[in-house]
Each structure stands twice: as structure tokens, then as C-alpha cells.
Amino acid sequence: MLTITPRRKRWLKLTSARWQRRVLFVAGGLVVGAAAVALAVLADQAQLAFNWLLSRSRYASLIVTPAGFALSVYLTQRYFPNAQGSGIPQAIAARHLTDPRSRSPLVSIRIAIGKIVLTLLGLLCGGSVGREGPTVQIGASIMFALGRLSPRRQPGLILAGAAAGVAAAFNTPLAGIVFGIEEMSRTYETRTSSLVIATVIAAGLTSLALMGNYAYFGTTPIALGKGIDWLAVPLCGIIGGAAGGLFSRILIAMARGLPGAVGGAIRRQPLLFALACGFAVALCGLASGDTIYGTGYAQVKAALETGTPLPQNFSVLKFLATTFAAISGMPGGIFAPSLAVGAGIGANIASLFHETPLAPIMLLGMVAYFAGVVQAPITAFVIVTEMTDNHAMVVPLMMASLIAYGTSKLVCEEGLYHALAKGFVARAEANKASTREPPPVAAAG
């Protein structure tokens, strides 16, 4: 008769737990990948529906966009609190909270469903929002739900879900891993790194199986020439970084609340403020010739592939439209719109370099503005490199990203996502403190 020693029992128990953990992460990656693909397909359909509306009457945006903004904010506040914005700050906050009950309002299946529905609503009404940030919160919510029975592993699961969301949304597996390390955790954790990579691989394979292998912005093999062309690197880095820092500073100030009567009016009338933001976006859309609505993906991809410059006012109007959408309180990401703003900045700078191809300078503008917004320079140049399949531009993209990061820090000291995450952490801790029972009062002697 075979006897199992206590040591053998412990080994079997540890091995079983290890494999359960691996299966949990991989299975979660498959679900996150499928959710990211579903959101991508539905987001494209939502933008096509809004474009169809504009083809019937381009002035319809003056009604549909403000109404859609107000409806989105109402539904968010009424049914899906903590689903506002991109969702990345919520995922970061949930990862840093220690109480599992405090994480649930930030990352849950309810939040994931609301994020999908309301992101689609934002695109359906012409909001300058993206789907990639929401996919991060959706991925974190799915992984959190799968790991409810294991609170000790929840931070790692949230990190893996967020990284898998980026990888599946952009078809950029390397960028997903880098984003998880640089932005979500800001440390390299040996214990969870292999599980995060396994989750990203599972999500990426799911995306590949359903969507095929593709470069998000197509392929742009053209690189910078020699000599004067390289002056575009510091120029894009400084201008893009400053603009990205300004955008972050505006969002942080609005999230913390403006002082005085204006701030009070916004807090008392959030729906009217959302309505005003939607009307401002519609005006930007009319001024741009209907080019700044939605993610900006189609306009940027066409410019990169054909070499046709974006309109001169595209960068400013897209910046304004994205800012109004972001401060309105509606759910929606800023990844793709930020890349579109950066592409517009690059196109403007390219007009100073008549002998240089348009695409490389647009890429410099994209990486510079994006690095300025998120203040994650490694993620910025990796994600732009993977999305355009242009490895010849790696060195100039790295240089522009680092210059933009330094410039952005001069304008806005705090990183956008982590600054916003502090607000969610503070509210969660305040809610936790308010629900504690008061200590018993001693009887009078």
C-alpha cells in the first residue's frame, strides 16, 4: 500500500494550487481577449452609425452629441458609478486598495457591462473617446471577478487583466506587458510576471483568432532621413510633451473640482455641464469638417498610408474635443484620441520639413503627445512602434518620447492616471471609514 508522507502532501497541495493559479490567469486572458474584440467590433459599428447620421445632416450633431453626453453622464451616475472616464485610474486604485470589498465598486462585472454600453453610447453620439482605456477596466473587472475566491491574488489578477486589455485592444502584446509594468504597477514583480505574460498571450491569441494579425495603424516603413530631418525629434518632443502635460493638468484640476462659483455650479448641475461639453464637441466637429468625432483612427491611418496631411486645425480641434469629452464625466478612453491629437501635431510640424516624408514626423508627434499625457515614455514608444510595425523608427521614437516626458513633467508634475487614481482611493477609504460601527460608549459610573 502506497503511503503519502506529510511532505508529499504539502508538495501536492502546492503544485495543485500553482496549476489552479495558472489556469485561472490563462482562462481569464481568453475571456478578456474575447471581450476586447467584441468591444472593438461594436465600437466600429457605433462610429459608422454616427457617420451615417452626419451624412444625412451634419448639423444633427448639435442635438445628438449634447443629448448623448447628458444621457451618458446620467446613466453613469445613476446605474454605473465609478465607470466614468477611461477606467485606467479605477484599475490602478483597485490594485492599490487592500480591502477586497473596497475594490468591488471599481472593478466588477457590473462596471464592465456599464463600461461597454456607455463607451458605445459615447461613440454613437460623436464623443471624442476611445475604447482602449475602457478595455483596461473591463479586463481588470473580468480578472477580479474570476479571482473573488482568492483575495490574496487579486492585485496580480487586476494587473494581468489590465495588461491583457491593452494587448488585445491594440493587438500589441509587448505594449500590454510594458504598460502593466510601467503604468499599472510601476515595479517589476517576479512572482506575477510570468502569469501576466501568460494572460497577455492568451488574450492576444484570442484577438488573433477572431480578428487576424494586423497593425492597428497599418504599416509605415518610411524612416527619417539624415541631417535636418532629425530636428523634428526634439521639436515634436517639446511641443507634444507640453500639450500632453497641459491636457493632463486640465483633467486633474477638473477631477479635483474647480474652486469658487464655477466649480460649485458644475458639481450641482453635472448633466447641464455634460450637455455644454457635448455642444462644444459638436461645434468643434462642425469647424473641423466632421473629422474630430470618435477615436480619430480612420483619419490618422489614412494620413499615414497615403501621405496626405491632416487639416491644419485638426490637432487643436481634436485636442479641444477630447478635453471636453474627458471632463464631461462620460465613460470613454483617451488612448486613441491622444494618438490622433499627436498625429495632428506631427502633421503641423511636418509642414516645416518640406523634403521629409509625412509619416515619420506624424509618428514622432503621436509618441510625443501620448508620452506627455500618460507620462509613461516606454509604453508610448513601444505601443506606437507595434501599432505601425515600423521598427526603423525605434530610436527617434525613444528620443521623442523621453523629451516629451521631461517636458510634460515641467507642465504637470503628476502622472495623469495615478493622480486620478488617488481620488478613487481616497473615496474608497472614506466610504470604508463611514461604514464602520462607532465604538461603544462607556456607561456613566
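Author: A salt bridge, as the term is used here for a predicted model, is a side-chain nitrogen of Lys or Arg within 4 Å of a carboxyl oxygen of Asp or Glu.

Reader: What makes R58 and D290 a salt bridge?

Author: The closest N and O atoms of R58 and D290 are 3.1 Å apart, and the cut-off is within 4 Å, so the pair qualifies. Side chains of opposite charge can pair when their charged atoms come close.

Reader: Which parts of the chain does the pair of R58 and D290 tie together?

Author: R58 lies in the loop between α1 (6-56) and α2 (61-79), whereas D290 belongs to the loop between α12 (270-287) and α13 (297-306), so the bridge ties together parts that are 232 residues apart in sequence.

Reader: Why is R58 called partly exposed?

Author: The relative accessible area of R58 is 28%; buried would require under 20% and exposed over 50%, so R58 falls in between and is partly exposed. R58 also lies over the face of Y59, at 5.8 Å from the ring centre, where the distance limit for a charge over a ring is within 6 Å.

Reader: How do you know that E132 and R131 form a salt bridge?

Author: Their closest N and O atoms are 4.0 Å apart, and since the rule asks for within 4 Å, the pair is counted. Both E132 and R131 are buried.

Reader: How many salt bridges does the rule give, and which residues are linked in a network?

Author: The count comes to five salt bridges, and the residues linked in a network are R256, E414 and K422.

Reader: Turning to the rings, what makes the pair of F247 and Y369 tilted?

Author: There are seven aromatic pairs in the structure. In this one the ring centres are 6.5 Å apart and the planes stand at 55°; stacked would need under 30 degrees and edge-to-face over 60, so the pair is called tilted. The pair links distant parts of the chain, with F247 in helix α10 (residues 232-256) and Y369 in helix α16, 122 residues apart. F247 and Y369 are both buried.

Reader: Why is the pair of F335 and F370 called edge-to-face?

Author: The planes of F335 and F370 stand at 80°, and an angle over 60 degrees counts as edge-to-face, so that name applies; the ring centres are 5.0 Å apart, where pairing asks for within 6.5 Å. F335 lies in helix α15 (residues 335-350) and F370 in helix α16, so the pair ties together parts that are 35 residues apart in sequence. F335 and F370 also belong to one aromatic cluster with F179 and Y417.

Reader: How do you know that F335 and F370 are buried?

Author: The relative accessibility is 2% for F335 and 1% for F370; the limit is under 20%, so F335 and F370 count as buried.

Reader: What makes S315 buried, and which residues is S315 in contact with?

Author: The relative accessible area of S315 is 5%, and the limit is under 20%, so S315 is buried. This residue sits in helix α14 (residues 314-327), and, leaving aside its neighbours within four places in sequence, S315 is in contact with V341, G344, I345 and N348.

Reader: Which residues of the largest nonpolar core touch the most other members?

Author: The core has 124 residues, and M362, L364, I383 and L416 touch the most other members. Helix α16 (residues 358-374) supplies the largest share of this core, 14 residues. Leaving aside neighbours within four places in sequence, L364 is in contact with residues including L224, A232, M393 and A400.

Reader: Where does UniProt place the feature "transmembrane region", and how much helix is there over residues 319-349?

Author: The unreviewed UniProt entry places the feature at several spans, including residues 271-289 and 319-349. Over residues 319-349 the chain is 77% helix and 0% strand, with end C-alpha atoms 16 Å apart, whereas residues 271-289 are 89% helix and 0% strand, with end C-alpha atoms 27 Å apart. The protein as a whole comes to 19 helices and zero strands.

How values were computed: Residues numbered from 1 in each chain as written. Predicted model: local features only at pLDDT ≥ 70, side-chain atom pairs only at ≥ 80, totals over all residues. Heavy atoms only, no water. Core = buried A, V, L, I, M, F, W, Y, C linked by side-chain atoms within 4.5 Å. Buried < 20%, exposed > 50% of the residue type's maximum accessible area, 1.4 Å probe, protein only. Helix = DSSP H or I, 4+ residues; strand = E, 2+ residues; numbered from the N terminus. Contact = heavy atoms within 4.5 Å. UniProt positions renumbered as here; feature names shortened; annotations may be inferred. Phe/Tyr/Trp six-rings, centres within 6.5 Å; stacked < 30°, edge-to-face > 60°. Lys NZ or Arg CZ within 6 Å of the ring centre and 35° of its normal.
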